[in-house]
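Q: I would like to learn how to read a side-chain contact and its surroundings in a model. Where should I start?

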Amino acid sequence: MANNGRLQKAKLSDPHLADNDDSADLLEFEADKAPGQITPLPKKKIITLFILLFANAAVSTSPFPFLPFMVQDLGVAPQNAGTYVGIIAGGRFLGNMAFNWLWGILADKYGRRPTILASVFMQVVCTFIFAVSTRWSIALATFARFLGGATNGAVPIAKTYVSEVTDHTNQGQAMTLVTASWGVGLVIGPALGGYLSDPAAKYAAFEGITFFEEYKYALPMFVVAFMCIVASVMGFLYLEESLPADKAATAHRVVSSSSENTPSDIARSSDVKHVPSMVAERIFK
């Protein structure tokens, strides 16, 4: 009776919840929980996403320490090095800004799990391309960074995934852990790039290895690519799809209708309210 009372009180306080099946289901689930009861974290999923975001951040920042030396090795004059460093470093974030929205649509249409795995796989490919480009050309290096950013849709999707596999009792803790991994990667990435660049000149274990003498900046990129491979394997093993099939079908219908309807028509459609309404309510409430 107490649980039903809390459910009815929540619906009366926000009439929209009574008309929203998704919100009502969530309320019924939360009403069944005893006050103060905390749902255990899905540890394997959270650890997997932690490693995934950590690897993504490391891929983004690991080239920073050696980029000034790399562009000069590729023939850029010292007075122009800063310009080319900025172009190469910023290429990834430009691609990310330009194509992040597309990954959101793909995640709603095909599911969270396949889009996360596809994105992480592309990070491996682009990182290997960048690793060998450090000896060939600035254009290839910039292309690899841009493509890596354009295919880096795992970060926003991973946060959406966390919100879907947790509830109000453990969502804050899970989101904190996953978000912290990005910050850790931003710190560790440049450290890896600095310590592991030009290993043939720094470490006796790499002396005489022709590959690392020619590709002086490949080793740190191989290390972060390996992190992405580990994240891919863990994602394949431990990440289950969090988007119900009926929601994916609804999202597909909404996206398909967007070419025929105006934004105001789509906003008024009954299909839309089942997809973003809960998110919008939690953000703008």
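Q: Which side chain does the side chain of R112 make a polar contact with?
A: In this predicted model, the partner is the side chain of D108, at 2.7 Å.

Q: Is R112 buried or exposed?
A: The cut-off for buried is a relative accessible area under 20%. R112 has 6%, so R112 is buried.

Q: Where does R112 lie, and what does R112 touch beyond its sequence neighbours?
A: R112 lies in helix 7, which covers residues 112-136. Leaving out residues up to four places away in sequence, R112 touches A107, I157, T160, Y161, E164, E241, S242 and L243.

Q: How many helices and strands does the protein have?
A: The secondary structure comes to 17 helices and zero strands. Of the 285 residues, 41% count as buried. Among contacts between residues at least 6 apart in sequence, 78% join residues at least 24 apart.

Q: How should I read the buried residues along a helix, and which are buried in helix 13?
A: An α-helix has 3.6 residues a turn, so residues three or four places apart point the same way. In helix 13 the buried residues include V224, M227, C228, A231, M234 and G235.

Q: What do the buried residues of helix 13 pack against?
A: They pack against helix 7, and also against helix 4 (43-61), helix 10 (171-196), helix 11 (199-202) and helix 12 (210-214).

Q: What does helix 13 reach from its first C-alpha to its last?
A: Helix 13, residues 218-238, reaches 30 Å with 21 residues, close to the 30 Å expected at 1.5 Å a residue.

Conventions
Residues numbered from 1 in each chain as written. Predicted model: local features only at pLDDT ≥ 70, side-chain atom pairs only at ≥ 80, totals over all residues. Heavy atoms only, no water. Helix = DSSP H or I, 4+ residues; strand = E, 2+ residues; numbered from the N terminus. Buried < 20%, exposed > 50% of the residue type's maximum accessible area, 1.4 Å probe, protein only. Polar contact = N/O pair within 3.5 Å; in protein donor to acceptor, adjacent residues only side chain to side chain. Contact = heavy atoms within 4.5 Å. Expected span 1.5 Å × (residues − 1).
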